[in-house]
Amino acid sequence: TLMLTSLSWQSLVVQAAADAPAQYQSCIACHGNAAQGNAALGAPALAGQGAAYLERQLKHFKTGIRGADSRDTLGAQMKAMAGTLDDAAIPLVASYLSALPPPVPKTAQAGDLKNGNNYYQSRCGACHGGQAEGNPGLNAPGLAALDAAYLKHQYQNFQLGIRGTHPEDTYGRQMKMMATSLPTDKDLDDVIGYIQSLAKAL
């Protein structure tokens with residue numbers, strides 16, 4: 001997907017809002033008309049993310065597999081919102097979001113891209129894809145369209161056991177184990193910077 005110009009993105013926002021299923025209307029305030037996310041609110045981009053991943057995460061929020069930890073303030077907000085969705089609406093919303101073109105993060109994370117590339121390809125790429133595009137076959141989400149603060153926050157949630165400890169969260173538990181693989185916070189920042197450098201290549 002080519003990077004969208006400012007004008008074409010504005011057109012997409014208008015069209016996406018018109019096409020959005022009624023069940024997504026309550027999500028727009030945080031995630032945006034075109035599901036582009038809002039870093040200031042801690043709301044990730046959802047556009048272009050794999051439908052199966054989105055559906056699974058919505059179900060996890062709704063059932064308390066994700067967002068139940070008392071330290072997960074943003075997860076608790078999402079848990080409450082997911083609780084308002086009917087079970088039949090979840091796959092509809094997930095399919096709609098997945099069909100939208102992913103945005104390019106507005107502000108790229110600074111860092112040592114060479115170091116980030118080395119760590120990403122050796123620790124993350126096998127599941128999340130060489131271009132951080134995700135791999136539905138491995139149930140791994142795309143990462144390149146996500147903002148730096150969200151990526152770091154979620155990685156740290158896995159590190160701290162805020163996310164990925166529920167016995168029914170199979171793939172979250174796998175990610176929790178992988179969240180020990182980066183030696184330092186600088187290495188994490190470098191990996192995030194590298195991931196965001198891939199967004200234009202999607």
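Modeller: This is a predicted model, and aspartate 87 forms a salt bridge with lysine 62 in it, with the closest N and O atoms 2.7 Å apart.

Biologist: Why is the contact between aspartate 87 and lysine 62 called a salt bridge?

Modeller: The closest N and O atoms of aspartate 87 and lysine 62 are 2.7 Å apart, and the cut-off asks for a Lys or Arg side-chain nitrogen within 4 Å of an Asp or Glu carboxyl oxygen, so the pair qualifies. Aspartate 87 sits in the loop between helix 4 (73–82) and helix 5 (89–99), while lysine 62 belongs to helix 3 (residues 51–63), so the bridge ties together parts that are 25 residues apart in sequence.

Biologist: What makes aspartate 87 count as buried or exposed?

Modeller: Its relative accessibility is 57%, and exposed means over 50%, so aspartate 87 is exposed. Lysine 62, by contrast, has a relative accessible area of 29% and is partly exposed.

Biologist: How do you know that aspartate 189 and lysine 152 form a salt bridge?

Modeller: Their closest N and O atoms are 3.0 Å apart, and the limit is 4 Å, so the label applies. This pair links distant parts of the chain, with aspartate 189 in helix 10 (residues 185–197) and lysine 152 in helix 8 (residues 148–160), 37 residues apart.

Conventions: Residues are numbered from 1 along each chain as its sequence is written. This is a predicted model: local features need pLDDT of at least 70, side-chain atom pairs count only at pLDDT 80 or more; totals for chains, interfaces and linings use all residues. Side-chain values use heavy atoms; hydrogens and water are left out. Helices (H or I, at least four residues) and strands (E, at least two) are DSSP runs, numbered from the N terminus. Buried means under 20% relative accessible area, exposed over 50%, partly exposed in between (1.4 Å probe, protein chains only).
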